[in-house]
Amino acid sequence: MSLRKSIFISALSANSLTLIGIVSSMIIARILTPTDLGAYAIAAVFVGLAHQFRDFGTSTYLVQCQTIDKESLGKALGLTVLSATALGLLVMALAPLAGWFYQTEQITYVLFILGVNFFIVPFGANTLAILRRDMRFRERAIIDHASSITGLVVSCACAWRGYGALSLAFGTLFSTIATTLCAGFYRPKQHPWSIQFRNLKDIFSFGVSATASAMITQLNRGVIEIIGGRFAGLEAVAFFNKAKSVTDHIGALLLGVAHQVTLPVLSESHRKGELLAPIYLRTAALLTGFMWPACAFAAIFPLDILHFMFGPQWDAAAPMLQLMCLLTALSSPLWLWSQPMFALGRPKPVLWGEILHLVCLLFGLAILAWGLKSSNLALAMIFTPPFVLGYAYRTLQRNLNFTHREFVGALWPSAQTAVAVACTAYLLATVTEEWHLAPRLLMSSVLCGIAWLAGIFIAKHPLKAEVMHVLRYTKLI
């Protein structure tokens, strides 16, 4: 499959998956209470942390290694089964303690249900890694859609029947089952099933750093919910989670594509001895070309977006959403900084970067809890950009050998496009202030979309070539 076709399929899949996620969030937010959603959000963070150990880096190992054979696949499955089984038992054993700590039995039951996932995951994870390595994104898209639709149907049905936070846990469980069944169907025939529990040292040594960095990455994503849920309450966590979900949905449109494609492309280029800097800088330009204008739009229309997606009961999330849009825009050029490091076989700098990120978040939470005494949990994130992004940038620069001028030059067209969209959005927000929600948001989205197109053409953004290719492919020009 060609690179352009791979990216197109991944983009189409990511966009439709994000749409499914948005629809699910819109339905669930109108059925469940903030307390239900807060309880699930906290439990999901703990399970997400444990999930980083479930395959002990075997998926990343299989994507970036030089060759794969029956022995390497058997070792990968063996290590995955061992780690996932141990973690599933651990999550179930600790579920009552988590319920006691947060003073709600909902978290206990949610963790117990989510713990069952660990016994199922190993039998699909390595197949997904093989499909990603071979850039068979059509099959991955089918699997992901079957999983997402299954989770959506089960979650909504259970929520409608009054299962509360357990609805989302059952949705996740059945989503995992669907993923495993579909992965088994698409597993390449030249890679037969085998399992091996001996001579795991080579995979284990790679997996230590890769898994540790992935675990701390997941902890960074959820530490605010974990600690904030204790001192600010479940409702504060729910409002923060809803604000974060908006930027997460925006990011999913891009990272769903980039994460699928970037590592196998960079790994293949490294195996061929090609330079990785041009690929990364172009990827950063494409990401910011979408992300910066989208964040500008969301920061100017926070209440409209929250009302449309989740309803008026989530207004308290608006200030958090504006701050998170700013922080997301700042970090987006370096979102994928770990991918070239993994492609080069150097996971340790990624681990140290994630540790630094965690320290900054813990410092922010301490200031928030004992200094500011605020329930705006997004404020805990303001200390991360100068330290974490600075470290990530310097690490990339040393390993990929690009200059400051090349980095700024790659992002400059995105900055011009974002300014065009921000000015248009601000003008529309002022003019349409008294309008009803639907026409105001629809008209603003369309006109800002036109401003975005004009911006990428005037600034000669790399996205211009992609837009022209799509127009020619669809025979619109």
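Helices in this description are DSSP runs of type H or I with at least four residues, numbered from the N terminus. The model is predicted. Just after helix 18, Lys460 adopts a positive phi of about 55 degrees.

Helix 18 itself was examined for length and for the placement of its residues. At 1.5 Å a residue, its 22 residues should span 32 Å, and the end C-alpha atoms lie 31 Å apart, which agrees. The buried residues of helix 18 are Arg440, Leu441, Ser444, Cys448, Ala451, Trp452, Gly455 and Ile456. These residues lie on the same side of helix 18, because they cover an arc of only 130 degrees around the axis. An α-helix has 3.6 residues a turn, so residues three or four places apart point the same way. The exposed residues Ala438 and Leu442 are carried on the face of helix 18 that is turned away from the buried side.

Leu442 is also one of the residues that make a nonpolar surface patch of about 540 Å². Ile450 belongs to helix 18. Its relative accessibility is 48%, and Ile450 therefore counts as partly exposed, since exposed residues must be over 50%.

Side chains of opposite charge can pair when their charged atoms come close. In the model, the side chains of Arg440 and Asp304 meet at 2.7 Å, N to O. This pair links distant parts of the chain, with Arg440 in helix 18 (residues 437-458) and Asp304 in helix 12 (residues 302-310), 136 residues apart. Both partners, Arg440 and Asp304, are buried. The count of salt bridges comes to 1.

Two residues in other helices were also examined. Lys244 is located in helix 10, which covers residues 234-271. With a relative accessibility of 15%, Lys244 counts as buried, because the cut-off for a buried residue is under 20%. When neighbours within four places in sequence are left aside, Lys244 is in contact with Arg221, Glu225 and Met324.

Thr395 is placed in helix 16, which covers residues 384-400. Thr395 has a relative accessibility of 2% and so counts as buried. Not counting residues up to four places away in sequence, Thr395 touches Trp337, Met341 and Pro349.

Definitions and conventions. Residues numbered from 1 in each chain as written. Predicted model: local features only at pLDDT ≥ 70, side-chain atom pairs only at ≥ 80, totals over all residues. Heavy atoms only, no water. Buried < 20%, exposed > 50% of the residue type's maximum accessible area, 1.4 Å probe, protein only. Contact = heavy atoms within 4.5 Å. Salt bridge = Lys/Arg side-chain N within 4 Å of Asp/Glu carboxyl O. Patch = residues over 30% accessible without salt bridge, like charges linked within 9 Å, V, L, I, M, F, W, Y side chains within 5 Å. Areas by Shrake-Rupley, 256 points an atom, 1.4 Å probe, with all protein chains shown as cover. Expected span 1.5 Å × (residues − 1). Arc of directions from axis to C-beta.
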